Amino acid sequence: MELDQRKARILALIVESYIETGEPVGSKAIAAKLGGTVSSATVRNDMAALSELQLLEQPHTSAGRIPSYLGIRYYIDRLMPRRALDSEEQSEIDALFNYCDPDPDRVLEGAAELLARTTDCFVVSTTLSRQSLYVRKIEIIPATAHTVVILLLASNGMVKNKVCRVNFDLTPNVVEFFQNFANGSLAGRSLNEITRRYINSMAFSLGEHTDIFAPLLAAIYELCREANDGQIYHSGTSNLLAHDEMLATANQLFRLLGSREEMNRMLGESTQGLFVSVGRENSLIEMENSSLIVAKYRIGEDSIGALGLFGPLRMDYARLIPHLEYFSGMLSKMLSETLDHGL
């Protein structure tokens with residue numbers, strides 16, 4: 001649908017007022033915002049027309065109007081002003097990536113905490129399980145005469161490690177042999193292909209050394225499963241409780257947000273680099289008074305994870321969307337540089 005210029009301006013003013021105050025807006029207030037160029041009666045007629053189009057709702061008979069989820073969607077897609085982050089906002093995000101640990105797991109945890117603090121939203125950061133996720137390399141690092149640390153680096157930058165004890169002497173030749181064997185069989189292979197059966201076939205190929213190296217292969221299998229399942233970090237639970245309109249469904253919403261399966265589904269279902277889901281656009285009833293903004297981060301052309309902001313319908317989309325886009329871009333850059341340096 002297309003709105004004429006005046007109705008579009010009135011809708012934008014109502015959405016922006018609702019985002020700021022959470023209160024219904026009356027025709028007199030809108031007429032004043034228009035500088036008195038239009039009478040309140042004309043504004044009232046236009047608001048009635050916008051209601052017929054289901055872009056506005058009237059909570060009570062005598063109240064003003066609030067935007068429906070369709071009205072907010074129309075605003076985001078066609079009316080919302082686009083703005084870049086200011087230098088202070090950019091500097092705060094840059095600082096995280098300039099001084100953070102290059103381990104992607106720790107970066108994702110820090111990302112959730114920083115985004116929750118700077119956006120006042122509930123934040124989820126996650127890696128996505130994808131068919132294209134593969135083993136980049138495996139390192140075997142001796143710790144003691146009978147203990148090693150096994151490092152697995154996945155193609156999405158994730159680093160997994162596990163301590164493993166063995167019943168034989170870890171000489172440099174033995175460590176080199178097994179590391180070459182593991183990389184020869186696993187490097188470049190999809191994590192989905194590394195099943196228990198495949199690990200057993202690797203063990204069988206070792207012949208008389210099968211029993212000796214079995215603990216190391218079992219540990220590698222566990223690391224592959226952990227990497228393929230992905231990681232989820234969240235922060236900012238108390239931010240949702242700051243919005244009165246979300247209190248009634250808070251318990252149901254918290255149960256939803258605590259579900260690993262639902263979080264992976266919601267954050268991974270779109271192939272877009274950034275998407276916004278508003279209110280009843282979400283299929284789950286727990287989300288009917290909430291919105292979700294998701295940005296994918298990537299290495300090269302491959303999306304390997306997602307950042308999600310959950311908040312009320314009256315989220316400040318004009319501020320949060322560019323904030324999340326910039327943040328995901330910085331995360332993509334850092335992970336790409338980490339892999340390029342061979343971590």
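Are Phe-122 and Phe-310 buried or exposed? Both residues are buried, where buried means under 20% relative accessible area, exposed over 50% and partly exposed in between (1.4 Å probe, protein chains only).

## Basis of the model

This is a predicted model, in which local features need pLDDT of at least 70 and side-chain atom pairs count only at pLDDT 80 or more, while totals for chains, interfaces and linings use all residues. Residues are numbered from 1 along each chain as its sequence is written, and side-chain values use heavy atoms, with hydrogens and water left out.

Helices (H or I, at least four residues) and strands (E, at least two) are DSSP runs, numbered from the N terminus.

## Aromatic pairs

Rings of Phe, Tyr and Trp (its six-membered ring) pair if their centres lie within 6.5 Å; planes under 30 degrees apart count as stacked, over 60 as edge-to-face and the rest as tilted. By this rule the structure has 6 aromatic pairs. In one of them, the ring centres of Phe-122 and Phe-310 are 6.0 Å apart and the planes stand at 70 degrees, so the pair is edge-to-face. It joins distant parts of the chain, with Phe-122 in strand S3 (residues 122-127) and Phe-310 in strand S10 (residues 302-312), 188 residues apart.

Phe-177 and Phe-181 form a stacked pair, with 6.4 Å from centre to centre and 10 degrees between the planes. These two residues lie 4 residues apart in helix H7 (residues 172-186), and are therefore separated by about one helical turn. Phe-177 is partly exposed at 41% relative accessibility, whereas Phe-181 is buried, with a relative accessible area of 15%. Ring pairs link Phe-168, Phe-177, Phe-178, Phe-181 and Phe-213 into a cluster.

## Packing of H7 against H8

Axes are lines fitted to C-alpha atoms, for helices over the stretch in contact, and angles run from 0 to 180 degrees between N-to-C directions. The axes of H7 and helix H8 (residues 196-205) are 12 Å apart, and the two helices pack at an angle of about 135 degrees. H7 and H8 are therefore oblique to each other; angles under 35 degrees count as roughly parallel, over 145 as roughly antiparallel, 65 to 115 as roughly perpendicular and the rest as oblique.

Contact means heavy atoms within 4.5 Å. On the H7 side, Phe-181, Ala-182, Ser-185 and Leu-186 meet Tyr-198, Met-202 and Ser-205 of H8. This contact has 5 nonpolar, 2 polar and no charged residues, where Ala, Val, Leu, Ile, Met, Phe, Trp, Tyr, Cys and Pro count as nonpolar, Asp, Glu, Lys and Arg as charged, and the others, Gly among them, as polar.

## Packing of H1 against H4

The axes of helix H1 (residues 5-21) and helix H4 (residues 69-79) come within 10 Å and cross at roughly 115 degrees. H1 is therefore roughly perpendicular to H4. In this contact, Ala-8, Leu-11, Ala-12, Val-15 and Glu-16 of H1 meet Gly-71, Tyr-74, Tyr-75 and Leu-79 of H4. The contact residues divide into 7 nonpolar, 1 polar and 1 charged.

Val-15, in H1, is buried at 1% relative accessibility. Not counting residues up to four places away in sequence, Val-15 touches Pro-67, Gly-71 and Tyr-75. Its C-alpha atom is separated by 9.1 Å from that of Ser-68, 53 residues apart along the chain.

## Surroundings of Ser-290

Ser-290 lies in strand S9 (residues 290-299) and is buried, with a relative accessible area of 2%. Residues up to four places away in sequence aside, its contacts include Met-246, Leu-253, Asn-282 and Pro-312.
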